[in-house]
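Please open the structure in your viewer and keep the selection panel at hand.

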Amino acid sequence: MKIENVGLKFNKVLSPLKKVEKIIVHHPAHPTWDIHEIHKYHQEKLKWNGIGYNYFVTKDGKVQQGRGRNIGAHCAGMNMNPKSLGVSFQGDFDKQVPTEVQYRAGAELIAYLLCNEGLQINDVAGHNAFAATACPGKNFDMNKLKQYVLEEMNPNAKGSVQEVKKFEVSDATKNAIKNLSQYGIIAADFEVKDSNQAMIISMFNNMVKAIKDGKL
């Protein structure tokens, strides 16, 4: 597995991850930014130590090192930063579609990381599984990525993507459904099918909280 070190300079020494539990997939939500532009934005605009992602996959299939196997700044939801690796795919997948070579390169990287960390395919999830966000974008096909990961890990895994089709609902979304069901806004057993539904549920829940707190 070739991972390119592009020579990013961080403001402070990075802290190694003690344990990795999840591989979290992202997009930077910008159509053209490369790893250097993201690093600059995270450092100068967000005032972070540097790029928040651990790894970056370009549109032409290059795999580049961000923070590597160190604590990232890519998923504050459910306190995932100190126990996950963030893999970002170049592009804005609310408006664009990942390239085939990008899917394949990302799958090779993620298969490599899963094997190194002793994880399974269901330990791969989009950012939207842990926070109220559309990331990695409505046009990013997580099932396709996972299928390619399975094929990297086992060439005989073709056709097994149905095993991972169910949308992974975050605890935050589950709590929002529970709260909204108390007011008859949504059924307690409502099945969330995609990230857009999760975002709508989060918005309604925030509105209900604001009304209850007298802020609306």
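The stops below go from the whole chain to the sheet, the cores, a helix and a single residue.

**Before starting**

This is a predicted model, in which local features need pLDDT of at least 70, side-chain atom pairs count only at pLDDT 80 or more, and totals for chains, interfaces and linings use all residues. Residues are numbered from 1 along each chain as its sequence is written, and side-chain values use heavy atoms, with hydrogens and water left out.

**The whole chain**

Helices (H or I, at least four residues) and strands (E, at least two) are DSSP runs, numbered from the N terminus. Followed along the sequence, they give the pattern β-α-β-β-β-α-β-α-α-α. The radius of gyration, taken over C-alpha atoms, is 18 Å, close to the 17 Å of the globule rule (2.2 Å times the number of residues to the power 0.38) for 216 residues, so the chain is as compact as a globular protein of that length. Along its principal axes the C-alpha trace spans about 55 × 45 × 35 Å. Of the 216 residues, 48% count as buried; buried means under 20% relative accessible area, exposed over 50%, and partly exposed in between (1.4 Å probe, protein chains only).

**The sheet**

Next, select the strands. In what order do the five strands of the open sheet lie? The order is E3-E2-E4-E1-E5, with mixed pairing; two strands pair if DSSP finds at least two bridges between them. Strand E3 (63-65) and strand E5 (124-126) are the edges, each pairing on one side only. From one strand to the next, the twist averages 25°. E1 and E5 run parallel and are joined by three bridges. Select isoleucine 24 to find alanine 125 of E5 opposite. Axes here are lines fitted to C-alpha atoms, for helices over the stretch in contact, and angles run from 0 to 180 degrees between N-to-C directions.

**The nonpolar cores**

Select Ile23, Val87, Ile110 and Leu145, which touch the most other members of the largest nonpolar core, a set of 28 residues. Such a core consists of buried Ala, Val, Leu, Ile, Met, Phe, Trp, Tyr and Cys residues joined through side-chain atoms within 4.5 Å. The elements giving two or more residues to this core include helix H2 (100-117) and helix H3 (142-153), and H2 gives the most, with eight. Centre the view on leucine 145: leaving aside neighbours within four places in sequence, its contacts (heavy atoms within 4.5 Å) include Val25, Phe89, Tyr103 and Phe140. A second, separate core of eight residues includes Ala176, Ile186, Ile201 and Val208.

**Helix H5**

Select residues 195-212, which form helix H5. Which residues of H5 are buried? They are Ser195, Ala198, Ile201, Ser202, Asn205, Val208 and Ala210, and they pack against helix H4 (171-181). Just after H5, glycine 214 takes a positive phi of about 75°.

**Glycine 7**

Finally, select glycine 7, in the segment before E1. Glycine 7 is partly exposed, with a relative accessible area of 41%. Between the C-alpha atoms of glycine 7 and aspartate 123, 116 residues apart along the chain, the separation is 29 Å.

Note on methods
Expected span 1.5 Å × (residues − 1).
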